[in-house]
Amino acid sequence: QLRAIEHGMVLKDASAFNIQYLDGRPVLIDTLSFENYRDGQPWTAYRQFCEHFLAPLLLIRDVDPWLGRLPALTADGVPLEVASRLLPMRSRLSPSSVLHIHLHARSVKQYGGRAVPEKVKRRGLSRKALVNLIQGLRHTVAGLEWRAAGTEWAEYETEHGYRQEDHSEKQRLVGDMLKAISPTTVWDLGANTGDFSRVARATGAFVLSADVDPAAVERNYRRVRSDGEIGIHPLWIDLRNPSPDLGWANAERDSLSARSRAEVVLALALVHHLAITGNVPLPAVARWLARLAPNLIIEFVPKADPQVGRLLVSREDVFDDYTTEGFESAFATEFETVRRAEVGQSGRVLYHLRRRED
């Protein structure tokens with residue numbers, strides 16, 4: 001917006017959907033949002049920016065990162081009145097939160113559904129005031145910092161519960177399996193902070209690196225940014241409830257599975273979460289993964305593994321078919337086994353499976 005003003009233009013929209021990511025960098029894709037600036041005009045996208053960007057970021061930092069999911073429930077971001085109620089009392093000590101969220105929400109409520117008085121319309125906004133507004137918003141957003149920690153699986157890569165030698169062996173095996181396929185597109189589902197996404201990237205593939213833990217995804221993204229990595233796209237998504245078709249007539253934005261096609265799906269340390277935490281039967285997991293890609297590199301983690309034990313601590317073990325034999329039987333319907341390899345002394349097993357074609 002500041003750059004647009006320098007060229008005598010403004011952005012009439014500030015939707016988060018106008019931003020896509022390429023190699024860790026946000027890119028504005030809606031060129032139709034630009035229009036000529038008229039002296040004295042207000043910034044019509046001010047409320048939208050606060051609802052789509054500022055409110056979600058404040059809620060993530062000051063309340064809980066999972067509130068970053070709220071914008072997915074509506075095409076209009078987080079309503080300012082809702083954000084005002086959810087933010088803690090200490091936010092009222094922040095001049096920017098008071099101005100852009102709390103007082104803004106009160107103004108929206110005051111004039112919502114009613115004609116704005118002429119004297120309010122005539123006030124206008126000078127170019128200097130507009131620039132000050134945008135600079136203030138930019139300063140506020142730049143000052144927001146979330147410590148990406150404290151979530152359930154954020155420390156998994158350092159606390160995975162098996163020996164470093166086994167972890168290194170797993171990296172080697174996954175790399176060998178990927179090289180044998182030589183894919184151009186890999187979906188790493190349950191990627192955590194992206195260690196194995198980088199193994200896939202090293203083979204030359206573009207990698208969608210998805211995980212349900214917001215802190216893990218944030219760390220993955222920050223690494224992409226700080227190291228200038230290309231070809232790795234971190235994505236925060238719950239695979240048990242993936243993003244559906246969204247927007248008008250469910251046709252504006254595609255679901256996860258419709259956005260692209262993978263040649264390989266990496267599913268490492270994932271199946272036990274779907275089968276035990278999510279109560280998804282193994283045959284259903286196999287059918288779903290078979291729809292996503294022709295090749296699957298998947299890890300089976302047995303019940304004796306500490307990570308599976310962690311999932312069973314607070315629930316009854318009714319998963320009688322969650323065994324190596326049960327896994328292989330369930331996946332044999334959809335896939336043929338190309339390679340099977342035990343991961344060192346961990347008890348885990350890696351498979352390269354190829355989808356059966358009718």
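Author: Two strands pair if DSSP finds at least two bridges between them, and the strands themselves (E, at least two residues), like the helices (H or I, at least four residues), are DSSP runs numbered from the N terminus. The model discussed here is predicted: local features need pLDDT of at least 70 and side-chain atom pairs count only at pLDDT 80 or more, whereas totals for chains, interfaces and linings use all residues. Residues are numbered from 1 along each chain as its sequence is written, and side-chain values use heavy atoms, with hydrogens and water left out.

Reader: How many helices and strands does the protein have, and what box do its C-alpha atoms fill?

Author: There are 14 helices and 11 strands, and the C-alpha atoms, taken along the principal axes, fill a box of roughly 75 × 40 × 40 Å. Of the 358 residues, 44% are buried, where buried means under 20% relative accessible area, exposed means over 50%, and partly exposed lies in between (1.4 Å probe, protein chains only).

Reader: In what order do the strands of the open sheet lie, and which are its edge strands?

Author: The open sheet has seven strands in the order β7-β6-β5-β8-β9-β11-β10, with mixed pairing. Its edge strands are β7 (232-236) and β10 (335-342), each of which pairs on one side only. From one strand to the next the twist averages 20°, given that axes are lines fitted to C-alpha atoms, for helices over the stretch in contact, and that angles run from 0 to 180 degrees between N-to-C directions.

Reader: In which sense, parallel or antiparallel, do β8 and β9 pair, and in which sense do β9 and β11 pair?

Author: β8 (residues 264-267) and β9 (residues 295-300) pair in the parallel sense over four bridges, with V265 opposite L296 in β9. By contrast, β9 pairs with β11 in the antiparallel sense over six bridges, and there F300 has V349 as its bridge partner in β11. The pairing of β10 with β11 is antiparallel too, over seven bridges, and places T337 opposite L353 in β11. Between the strands of this β10 and β11 hairpin there are six residues, and G344 takes a positive phi near 55°.

Reader: Is β11 mostly covered or uncovered, and which strands does α14 lie across?

Author: β11 is mostly covered, since five of its seven residues are buried. Helix α14 lies across β9, β10 and β11 (349-355), running at about 165° to β9. Elsewhere, α9 (residues 214-227) lies across β6 (206-211) and β7, and runs at about 155° to β7.

Reader: At what angle do α12 and α14 pack, and what are the classes of the residues in their contact?

Author: Angles under 35 degrees count as roughly parallel, over 145 as roughly antiparallel, 65 to 115 as roughly perpendicular, and the rest as oblique. Helices α12 (residues 282-292) and α14 (residues 324-332) pack at about 45°, their axes 8 Å apart, and are therefore oblique to each other. L282, P283, V285, A286 and L289 in α12 meet G326, F327, A330 and F331 in α14. That contact has eight nonpolar, one polar and no charged residues; here Ala, Val, Leu, Ile, Met, Phe, Trp, Tyr, Cys and Pro count as nonpolar, Asp, Glu, Lys and Arg as charged, and the others, Gly among them, as polar.

Reader: At what angle do α2 and α6 pack?

Author: Helices α2 (residues 46-62) and α6 (residues 127-142) pack at an angle of about 15°, with axes 11 Å apart, which makes α2 roughly parallel to α6. In α2, Y46, F49, C50, L54 and L57 meet L133, L137, T140 and V141 in α6, a contact with eight nonpolar, one polar and no charged residues.

Reader: Where does D23 lie, and is N192 buried or exposed?

Author: Most residues other than glycine have a negative phi. D23, although not a glycine, has a positive phi of about 50°, and lies in the loop between β2 and β3. Strands β2 (residues 19-22) and β3 (residues 25-28) pair in the antiparallel sense over four bridges, and Y21 stands opposite P26 in β3. D23 is partly exposed, with a relative accessible area of 30%. N192 is likewise not a glycine and has a positive phi of about 55°; this residue lies in the loop between β5 (185-189) and α8 (195-201), and is buried, with a relative accessible area of 6%.

Notes. Contact = heavy atoms within 4.5 Å.
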